[in-house]
Amino acid sequence: MLQEDMRLLCVTAVEDRLQANVRATLETLRDANVRTWMLTGDKLETAWVIAQNASLVTRRQRMYQVAVRSSGDEKERRREARQALQGYPQGKFNAPCLVLDGAALSLCVSHHQQLFMEVACAAPAVICCRCTPTQKAEIVQLIRMTQPKACTAAIGDGGNDVGMIQAAHVGIGIQGREGRQAALAADFSLQQFSHLGRLVLWHGRNCYMRSATLSQFVIHRGLIISVIQAVFSSLFYFAPVALYNGVLVAGYATIFTYGPLFSLVLDEDVSEPNALKFPELYRELQKRRYLSVKTFLVWTWKAVYQGCVIMLGGIVLFEQRFVHVVGITFTALILTELLMVAVEVKRWHPLMLLAQLLTLLVYLACIVALSSPDFAGGTMAIFDLRFMLSVPFAFRVTILTAASTLPIWCGKACSHYCSPRVVSKLS
């Protein structure tokens, strides 16, 4: 029901100003090869002025507007939208900014999805004005559907941005004057838009690098001990005999490898000032070379090679008792895992060194404890302490550890020498 015969007493308005350092943040993200689209409910003139003030477009950059009639024959309006998209000058130097209003955007998203995405991805910047909250979410969903390799991040500060934030891969809410609805619905909440550069270039970089390294190390840790057991069983006609006691398997998955392995979350391949100073470094991560099928196969090959070397070498080098091969191979396995962590570390943190040292001390204490049947939980000891304190044992373990890790280290060194990373040029 509409109110009638009302008298206007006053009109209030909320000043919508750009926050500090918005221009510098967008320029930094542009240097990092991050594409920025502007989805707003403002009218065309207001949206264009904001885009210029925020450095989304340059002062001299032209505008290419896709406009259709708000009413009329539906087929004619579709044809106008298609002709307008086909007329965009793709591939030209200093291409114009693509601008769409709500009516044109609705037709493009509904009937010309492929053509619209082709033109929009070729444009240096895209501005969608007069967008409804539903249209904002539909655009994000369209990008995810048509560009499966793209990673979308939606940034908003109001309640009308909640749908868009929830539809993106990563939702970022800014606590502004319009309330906290966007911040509460987002994956990350920021006080200022300028914090976005640090979130992407520094925290995003570390998150990707550490997750890639840690996930592949977890696969390597589980696969190498499985390969050792498989080789052992195949050498003895696949007899159902476990090489390692359950206590050793549980210790290997926890106290013997947990500390050094998860200390990799502290690793940094570049300092924070350099990551923010050189946003071009972020482009290397967009190629997704650190977590792919290729890297998975490489780490699988490492685990298979090292497991075979440790088990076959242990069979050849052990002397008379079965407990000797257990001690030799398991000690070589622990040292191999510790050295592999050390090889992958790019910048040492004090807690990494502490984790390595504590793991070695804990393992030495377990050797003494598991040399007694009472601590081993069985009728016989797991380790032979007298043999493990001898020089032949140390010599055999050193040979196995060197044979399993030196070729891996040499291959990595040659790879870095022949194809150095961009980050290495900063040092």
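These legends describe close-up views of helix packing, cavities and a pocket in a predicted model. Residues are numbered from 1 along each chain as its sequence is written, and side-chain values use heavy atoms, without hydrogens or water. Local features need pLDDT of at least 70 and side-chain atom pairs pLDDT 80 or more, while totals for chains, interfaces and linings use all residues.

**View 1. Helix 14 packs against helix 19.** Helices are DSSP runs of H or I with at least four residues, numbered from the N terminus. Axes are lines fitted to C-alpha atoms over the stretch in contact, and angles run from 0 to 180 degrees between N-to-C directions. Helix 14 and helix 19 are therefore roughly antiparallel (angles over 145 degrees). Their crossing is right-handed (the near helix is turned clockwise from the far one by less than a right angle). Helix 14 brings W301, K302, Y305, Q306, V309, I310, G313, G314 and L317 to the contact. Helix 19 brings R396, I399, L400, A403, S404, T405, P407 and I408. Contact means heavy atoms within 4.5 Å. By class, these residues are 10 nonpolar, 5 polar and 2 charged. Ala, Val, Leu, Ile, Met, Phe, Trp, Tyr, Cys and Pro count as nonpolar, Asp, Glu, Lys and Arg as charged, and the others, Gly among them, as polar.

**View 2. Helix 14 also packs against helix 15.** The angle is about 150°, and the axes are 9 Å apart. Helix 14 is therefore roughly antiparallel to helix 15. The crossing is right-handed. From helix 14 come W299, K302, Q306, I310, M311, G314, I315 and L317. They meet V325, I328, T329, A332, L333, T336, M340 and E344 of helix 15. The contact has 10 nonpolar, 4 polar and 2 charged residues.

**View 3. Helix 3 crosses helix 5.** Residues 74–86 form helix 3, and residues 113–122 form helix 5. Their axes come within 10 Å and cross at roughly 30°. Helix 3 and helix 5 are therefore roughly parallel (angles under 35 degrees). The crossing is left-handed (anticlockwise by less than a right angle). R82, L85 and Q86 of helix 3 meet L115, F116 and V119 of helix 5.

**View 4. The largest cavity holds about 70 Å³ of space.** A cavity is a set of points, on a 1 Å grid over the protein atoms alone, where a 1.4 Å probe fits but cannot get out. Volume is the space filled by probe spheres set on the points, which are joined across faces, edges and corners. The lining consists of N206, M209, R210, T213, L264, D267, E268, D269 and K346. Lining residues have an atom within 4 Å of a point. Five of them are charged, 2 nonpolar and 2 polar.

**View 5. The second largest cavity has a volume of about 40 Å³.** F217, R221, T257, P260, L261, E337, L338 and V341 line this cavity. Helix 15 gives the most, with 3 residues.

**View 6. The second largest pocket has a volume of about 1,400 Å³.** A pocket is an open set with protein on both sides within 12 Å along at least five of seven lines. Its lining has 41 residues, with Y290, K412, S415, H416 and R421 nearest the centre. By class, the lining has 16 nonpolar, 12 polar and 13 charged residues.

Note on methods
Helices (H or I, at least four residues) and strands (E, at least two) are DSSP runs, numbered from the N terminus. Angles under 35 degrees count as roughly parallel, over 145 as roughly antiparallel, 65 to 115 as roughly perpendicular and the rest as oblique.
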